[in-house]
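Me: I am new to this structure. Please walk me through how to read its interfaces.

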Amino acid sequence: MVNSRMSKEIVINVCMGTGGIAAGGRDVMDAFIEAFRERGVDGRVEKHCAVHQVGCRGFCARDVLVDVSLDGERTTYQYIQAAMVPRLVEEHVLGGQPVTEWTVGPEYHAFHDRQVKVVLADCGNIDPDRIEEYEGVGGYTALRRILSEMSPGEVIDVVRESGLRGRGGAGFPTGIKWKICADNESEVKYIICNADEGDPGAFMDRSVIEGNPHAVIEGLIIGAYAIGSAHGYVYIRAEYPLAVERLRRALDQARAKGYLGKGIHGSRFDFDIKVKLGAGAFVCGEETALIASIEGERGMPRSKPPFPVFKGLWGKPTVINNVETLANLPVIFRRGAAWYASVGSEKSKGTKVFALTGKIKNTGLIEVPMGISLKEIIYDIGGGIEKDRAFKAVQTGGPSGGCIPSQHIDLSVDYENLIRMGSMMGSGGMVVLDETDCMVNIAKFFLEFTQSESCGKCTPCRFGTRRLLEILTRITRGQGRPDDIERLERMARTIKDSSLCGLGMSAPNPVLSTIRYFRHEYEAHIHEHRCPAGVCRELITYTIDPERCKGCGKCRRHCPVEAIEGQPKAVHVIQQEKCIKCGSCFEVCPEKFSAVLRA
Amino acid sequence: MESPALEKLESVYTAYRESGGSVVSLLQDIQTEFGYIPQDAVHWMSGRTGIPASRFYGVATFYAQFYLEPRGKNIVTACCGTACHVKGAERVLTRLREELALEPGQETTRDGQFTLEKVACVGACSIAPVVIVNHKVFGKMGPDKVPKILGEYGEQPDE
């Protein structure tokens, strides 16, 4: 019976990103292998994306995702667990009938339909450890054509025409940066790929390197050719061991194939790339700090000018480009500057990768055309807010950015619009917040981060972030003073104006933008000692409504400090002096009773 | 210092001389050899290279990656990135500290079984909040799941 199916090519793909593995991907894979062995099925079971590769196909909320392909006809299943595998094998693989109740629904397709994949196009589809697979989808053709047909000046012109801007956050036009560096008369120049992704809530750079390292390498070689550099670096976080490993392997393969080294592909152009491991400091994402770190010192920024394009690594002209920026380049040269410029908004061209997370149904890594509205991202791609709660705001740009409130949901997302709203593109984190998130707490969260990451070199940032954090902390504890909002605003402006580098200049943004749009929440904390979202621990109390409590005892069993007393089937009581306000009782109280109150 | 340690330091120093290393690369290599940055190693290296110990410490304390104390057998990493934060990472962290009986400021348990550390983002925001023990990722964490997960580790016989 099995033999009659042998003519079919059977391929199973199991999603094995970080999310996939945590959801049980490995067990699912083993279950398929076991089921195939038992029944003598001749099929291949493959990892859709290799171990630890985050981002994968982006839709981690539905893990474990499994593709069953029979003769190339692919069916995608969601939420698959090992126990479900025998039925999939029996009915679909052997019986030819897909198990429709487990297949992905319209949301899965909606999640993908609005996306435009340029940078992520091949991530998850090709094996990052095999250069042949990258070449098979057109990889390195752009480089070969450039080396045989184009002058460095022409390469720069194409990049300028494409309108590509730096994806690291500030959005400086890439072509112009290259032009300035290329015009510098210097024997030695450097080009650096900035892969020091340190923003809490952004992981696209790592995903790109893990999923398609050759695209970044090809981009870096193109940049080196354009500016006339023979030495390149990739500065990558040591905390990304898999990305480092893949990158090193990819570099070896590129060398073996003659894309790196002396006289690349018969040209007179020499170029090679070294990997430098970062040691964990957010400030090293700043160009001059990154340079100091590569030189082996503390990663502290210095004042600009001189800009690195004039005086950078070891005092030589240096271009620093972000991972996502570089990964765009091969595609721009393959498909043309005009095509690239046709995607996106007036001043922001192409696509942007976002890490869509927080209180949203479809979390994951997405790539959308610039200019798309927040509404499309949150509702069409993201599927709306978790538990159908009310959308409150979206935080973009990480610790350098701000919150965009619900009334601006129609905002079209590009560099200029985000700045206008008091936020910024940053590296592309997009954290969705709902009515249960306290905006003062969010501001405090980011200040905790920037305060601890401040390198301490300049006073406005070193002292300023600490003072901002102190004030925010006392507000969240109900000890805010009447003029604290004005004090925060004044101090924030001073820090913005007088800090040495981008970290300090942008650190107050989360405070300013939350005051701008959610001033009433600050006021409620300060004047009424009340946290409207019910987040700030010191300002909330939990009580049990005697009318509603049925004495099921669930809260009592879950209370970590034994603060709840009550006999079975009798009303329970929280002893306030013992309560640590962890909220466990609130969460476990069965919905049909909803007896625990938070105020 | 004992001779095996000296041998390790010699080899780190040789690599530094031969490949033109830096303070950062020296510290990275020392940490690879010892698992942390021992004070003796810094002073030895300072004497050998002529670089003041203060510069080693300046760099070592600047970067999060360097540890000046030996670390526990199991590394528990609590993600406190934005996505984890809004989904309750702090309560998970509090429970972890309670279960491991860590005093404020203490990172490694007295028996050397566990080191608890916070990390800004591990890039698994989709399954927030996230805790990683050694290299295993635990997604959609809650305070209640903490004891069970820690129970899987610790007090194992030496490998």
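**Reading the interfaces**

Reply: Start inside chain A: 16 residues of domain 3 of chain A are in contact (heavy atoms within 4.5 Å) with 15 residues of domain 4 of chain A. This is a predicted model, where local features need pLDDT of at least 70, side-chain atom pairs count only at pLDDT 80 or more, and totals for chains, interfaces and linings use all residues. Residues are numbered from 1 along each chain as its sequence is written, chains are lettered from A and ligands numbered from 1 in the order in which they are written, and side-chain values use heavy atoms, with hydrogens and water left out.

Me: Where are the bounds of domain 3 and domain 4 of chain A?

Reply: Domain bounds come from an automatic or database domain assignment. Domain 3 spans 351–434 and domain 4 spans 439–527 of chain A. Their centres, taken over C-alpha atoms, are 22 Å apart.

Me: How much area do domain 3 and domain 4 of chain A bury between them?

Reply: The size of an interface is often given as the accessible area lost when the parts come together. Buried area is that loss (1.4 Å probe), summed over both parts. Here it is about 1200 Å², with 63% on carbon and sulfur atoms. Lys392(A), Pro399(A) and Cys403(A) supply 41% of the area that domain 3 of chain A buries against domain 4 of chain A, more than any other three residues.

Me: Which residue forms a salt bridge with Lys392(A)?

Reply: A salt bridge puts a side-chain nitrogen of Lys or Arg within 4 Å of a carboxyl oxygen of Asp or Glu. Lys392(A) pairs with Glu521(A), and the closest N and O atoms are 2.6 Å apart.

Me: Now the two chains. How many residues of chain A are in contact with chain B?

Reply: The count is 51 residues of chain A, against 35 residues of chain B. The area buried between the chains is about 3300 Å², and carbon and sulfur atoms give 57% of it. Ala279(A), Arg298(A) and Phe445(A) supply 16% of the area that chain A buries against chain B, more than any other three residues.

Me: How many salt bridges does the rule find across the interface of chain A and chain B?

Reply: It finds 3. In a salt bridge between Glu297(A) and Arg55(B), the side chains meet at 2.4 Å, N to O.

Me: Is Gln78(A) buried or exposed?

Reply: Buried means under 20% relative accessible area, exposed over 50%, partly exposed in between (1.4 Å probe, protein chains only). Gln78(A) has 12%, so it is buried. Its contacts include Arg62(A), Trp102(A) and Val104(A).

Methods:
Buried area is the accessible area (1.4 Å probe) that two parts lose on being put together, summed over both. Lists of a residue's contacts leave out its neighbours within four places in sequence.
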